[in-house]
Every structure is written in structure tokens, then in C-alpha cells.
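Please keep the sequence and the 3D view at hand while reading.

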Amino acid sequence: MTSLPCALIRGGTSRGAYFHKADLPLEETERDALLLRAMGGPDPLQIDGIGGGHPLTSKVAVVAPSNETDTDIDYLFLQVDPTGQTVSDAQNCGNILAGVGVFALSEDLVSVEDPMTIVRVRMLNTGAICYLHMPTPGGELDLTGDTAIDGVPGTAAPILCNYLDIAGSACGALLPTGNPVDDIDGIRATCIDNGMPVVVMRADDLGIKGSEAPEELDANSALKERLEAIRLRAGPIMNLGDVAHKSVPKMCMVSPPSQGGLAMTRTFIPHVCHKTIGVLGAVSAATACMLPGTPANEIANVPEGMTKTVDIEHPQGSFRIQLTMDGEGHIKSAGVVRTARLLFRGQIYL
């Protein structure tokens with residue numbers, strides 16, 4: 001019986017399997033086949049593996065010490081699609097990133113400091129860098145605390161994720177089409193990439209209120225067909241090529257906030273409605289809200305000041321983001337607070 005070391009970690013509002021790069025096959029086809037089996041393929045419910053039958057619980061982090069002087073850890077995110085049985089490296093994942101610090105410290109990949117350890121992570125999917133501020137009082141990782149994030153029960157220690165230079169991470173520019181607004185299949189949309197390629201549209205332009213439960217939107221076949229038609233047209237103009245079999249861009253519909261936040265969101269990732277919202281998807285959506293003349297800006301509750309702390313509303317609550325602007329109104333950095341929990345470490349049998 002074949003086995004290899006693995007950790008299962010809840011990072012933010014996602015859950016993933018974390019592996020050392022050295023323990024996986026070097027050849028991508030062989031690696032992906034192994035990961036599909038580990039997560040429970042070919043069954044879409046993943047009943048015979050450690051996946052959860054949903055994109056949010058079918059994620060993988062491949063971690064290795066970095067050879068670069070400006071980072072400690074190299075992190076490759078892989079999205080395993082339970083339905084299509086594919087493995088994609090086309091995007092980052094900020095939720096699973098929060099668990100990378102937990103994995104790095106628990107596996108002794110980074111030296112621990114007191115009272116906080118900064119784990120400098122290079123996201124190999126795009127080359128962007130994020131500093132994870134990990135709580136290590138007394139030189140020990142301590143994930144207990146009173147920070148709550150919507151979409152996760154209970155509380156835990158805060159993990160500050162400070163993203164550096166993520167604009168155009170996958171598409172080459174913050175606005176890859178060069179326009180703050182494009183007409184795509186008759187819908188005004190903002191094609192944006194501030195860490196995650198996202199197409200941001202007004203919910204009412206697509207015939208919904210924007211406050212519906214994810215299950216209701218998942219059952220709306222006409223909406224899903226329309227979104228996919230827009231997504232397929234957006235892919236090439238966002239420099240992503242043919243996205244028919246890719247997990248990006250995400251499709252985000254915004255509506256006026258209902259609880260004093262920046263905007264309400266409903267996001268397809270890309271074919272299932274997110275129960276909350278992804279970290280970098282939230283950053284990109286918030287950025288779209290800041291740009292004058294965009295559909296998102298029309299309905300957004302944008303605060304004053306160079307540093308804007310905003311709440312992106314989603315189906316289970318809200319997601320707080322801090323955006324720092326420069327004198328020209330460009331976003332310099334984005335910081336978010338996540339939590340994470342180590343669920344198990346051991347051997348996975350294949």
C-alpha cells in the first residue's frame with residue numbers, strides 16, 4: 001500500500017490538503033493523477049478520499065522552502081475539480097494561503113520567533129508575494145484566539161495576510177482589457193485582476209436581486225448559462241485565452257450593501273456559487289468598487305481617505321479588507337485577516 005505525508009488544514013473559508021513538493025511526483029500528469037486519487041476521484045462526491053465534494057473543500061497546497069532571498073516558502077495552489085476531475089494551477093487561493101503559514105511552522109520549514117513570525121510566501125501560480133503574520137507567543141505556534149470570520153464557526157487567532165504587488169497577477173494588468181467597463185454579451189462588466197481574475201457586474205443587470213441564497217442561484221440554469229457565455233468571451237480579452245476548462249475568471253455580481261459594507265456580492269467560482277467569497281476575489285471585487293465609472297462603483301458605499309477599511313458582504317456575512325491608496329488613487333497594498341486550523345497531519349494512503 002502506497003502512502004505519503006499530508007496535512008489537512010482549514011484555511012479561511014476553505015479546506016485543503018497540504019503536501020511537501022519533494023513528496024510528490026515531478027511530472028505534472030503523474031502528480032495530478034495522484035492528487036485526484038487522494039482527493040477521492042473519479043467520484044464527484046469524493047467519498048473515497050479526503051476531498052469534500054465541493055470546490056471549497058477540494059483544494060491542494062504544494063509547499064517547499066524557497067531558494068529566493070526575499071521569500072521563505074514557495075506555494076503552488078492547485079484546484080481539484082470534483083465534477084470535471086481536473087487539476088488547475090490557473091489561480092491563487094488566499095484562503096489556502098493562510099494555512100501555508102501553519103504548515104510551514106508545524107513542519108519546521110521556517111524558524112519561529114517570539115511573539116510573531118512573519119512567513120514570506122511566494123505564490124508560484126502568479127509570482128506574487130504575501131507576508132503572513134503568524135501568532136507564535138513564546139516561540140510556539142498558537143492558533144487559539146477570539147477572531148471570528150464569517151463562514152467559519154467559532155474563533156481562532158488572527159493571521160494577517162499582507163499582499164504585495166498583486167495587480168495583474170494572472171492577466172498582466174489590473175485592467176487587462178485597458179477599460180474600466182466593457183460590454184460583454186450585452187452586460188456592462190469590469191474585467192479586473194488584483195490578485196484574482198474576476199468579471200464584476202451588477203446583479204440587477206443579470207435579472208437577480210443579488211441577495212439570493214447560493215442554492216437558489218445554483219438552481220438558476222438561465223443565469224448560469226448567461227454567466228458562462230460572458231465568462232467564455234471575457235477569457236481571451238483578459239489575456240487568459242480559452243477558459244472553457246479553466247477555473248478563472250471568477251464571476252462576481254454586486255448589489256448595494258445591506259449591512260453597511262462596501263457592496264453585496266454573489267460569486268460563481270466559476271460554475272458553483274460561493275458560500276462566502278474568496279480572499280483574492282474579494283480584493284479584486286473591492287478594487288472594482290473603487291474605480292470611478294464602473295458598474296460596481298455605481299452601487300458601492302466607498303469611504304473617504306487614503307486607507308480604506310471595507311467590508312465586502314457575502315451570503316454568510318462579510319469579509320474585511322484594508323486597501324491602501326497612493327496619491328493618484330492607485331491601490332498600493334491589500335491586507336486581510338484570516339484564521340486557520342490544523343485538522344490532521346499523517347499519512348494518506350492511495
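Both β4 (73–81) and β5 (86–88) supply at least two residues each to the lining of the largest pocket. Strands (E, at least two residues) and helices (H or I, at least four) are DSSP runs numbered from the N terminus. The model is a predicted one, in which local features need pLDDT of at least 70 and side-chain atom pairs count only at pLDDT 80 or more, while totals for chains, interfaces and linings use all residues. Residues are numbered from 1 along each chain as its sequence is written, and side-chain values use heavy atoms, leaving out hydrogens and water.

**Pocket and cavity**

On a 1 Å grid over the protein atoms alone, a cavity is a set of points where a 1.4 Å probe fits but cannot get out, whereas a pocket is an open set with protein on both sides within 12 Å along at least five of seven lines; lining residues have an atom within 4 Å of a point. A volume is the space filled by probe spheres set on the points, which are joined across faces, edges and corners.

| Largest pocket | about 410 Å³ | Pro55, Asp81, Thr83, Pro270 and His271 |

β4 gives the most to the pocket lining, with 3 residues. For the largest cavity, the elements that give two or more lining residues are α2 (94–106), β12 (250–255) and α5 (279–290). The largest share, 3 residues, comes from α5.

**Met196**

Where does Met196 lie in the chain? Met196 is found in the loop between β10 (187–193) and β11 (197–202). With a relative accessible area of 5%, Met196 is buried, a term that means under 20%, against over 50% for exposed and in between for partly exposed (1.4 Å probe, protein chains only). Leaving aside neighbours within four places in sequence, Met196 has contacts (heavy atoms within 4.5 Å) that include Gln91, Asn92, Lys250 and Leu280.

**The whole chain**

The protein chain contains 6 helices and 17 strands. Of its 350 residues, 55% count as buried. Its C-alpha trace spans about 55 × 45 × 35 Å along the principal axes. Among contacts between residues at least 6 apart in sequence, 61% join residues at least 24 apart.
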